[in-house]
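I opened the model to go through its helices and its surface. My entries follow in the order in which I looked things up.

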Amino acid sequence: ANVALDLIGQAQALLALAGAVEGRGRDEDALAYFREAVEFRNALLCEQPNGDFAVTLVRQFLFDAWDVPLTEALSRSAHPELAGIMAKAHKEARYHLRHSSEWVLRLGDGTAESHRRA
């Protein structure tokens with residue numbers, strides 16, 4: 001739940017910034033909810049079914065491993081507001097990666113069943 005709240009907060013901050021930069025008076029809710037289906041974008045990895053706990057955790061680990069260098073690079077943006085949002089997001093992303101990698105290690109080093117599922 002904590003990871004989800006962090007990601008929702010990041011999305012809200014980024015959408016609010018996008019609305020401000022766009023300059024058409026749209027806020028984060030307008031940008032998030034009032035668009036056509038073809039305008040939605042996400043990493044295809046995030047569309048994979050949850051499956052069991054091990055599958056879900058490995059998927060989260062892969063996302064986190066991608067997110068850390070992305071947020072680090074964006075925290076160096078020339079756009080100061082974006083850089084600030086991403087600096088905070090990078091701290092959260094590092095925590096998420098540490099959390100998911102510890103679970104992947106536990107599952108891999110646990111029982112034969114947890115190892116097989118992971």
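Which residues are buried in H3? I found Ala54, Leu57, Val58, Arg59, Phe63, Asp64, Asp67, Val68 and Thr71 buried in H3. I take buried as under 20% relative accessible area, exposed as over 50%, and partly exposed as in between, with a 1.4 Å probe and protein chains only.

Basis of the entries. This is a predicted model, in which local features need pLDDT of at least 70 and side-chain atom pairs count only at pLDDT 80 or more, while totals for chains, interfaces and linings use all residues. Residues are numbered from 1 along each chain as its sequence is written, and side-chain values use heavy atoms, with hydrogens and water left out.

Whole chain. I counted five helices and zero strands in the protein chain, in the order α-α-α-α-α along the sequence. Helices (H or I, at least four residues) and strands (E, at least two) are DSSP runs, numbered from the N terminus. The C-alpha atoms fill a box of roughly 55 × 30 × 20 Å along the principal axes. Of the 118 residues in the protein chain, 24% are buried.

H3. The cover over the buried residues of H3 includes H1, H4 and helix H5 (112–117); contact here is heavy atoms within 4.5 Å. I checked the length: the 22 residues of H3 should span 32 Å at 1.5 Å a residue, and the end C-alpha atoms are 31 Å apart, which agrees. The expected span is 1.5 Å times one less than the number of residues.

Surface patch. Trp66 sits in H3 (residues 53–74). Trp66 counts as partly exposed because its relative accessibility is 46%. With Leu70 and Leu74, Trp66 makes a nonpolar surface patch of about 260 Å². Like charges are joined within 9 Å, and nonpolar side chains (Val, Leu, Ile, Met, Phe, Trp, Tyr) within 5 Å.

H1. Helix H1 (residues 2–22) has 21 residues and reaches 30 Å from first C-alpha to last, close to the 30 Å expected at 1.5 Å a residue. Val3, Asp6, Gln10, Leu17 and Gly19 are buried in H1, under cover that includes helix H2 (28–33), H3 and helix H4 (80–109). Just after H1, I noted a positive phi of about 75° at Gly23.

Key:
Patch = residues over 30% accessible without salt bridge, like charges linked within 9 Å, V, L, I, M, F, W, Y side chains within 5 Å. Areas by Shrake-Rupley, 256 points an atom, 1.4 Å probe, with all protein chains shown as cover. Salt bridge = Lys/Arg side-chain N within 4 Å of Asp/Glu carboxyl O.
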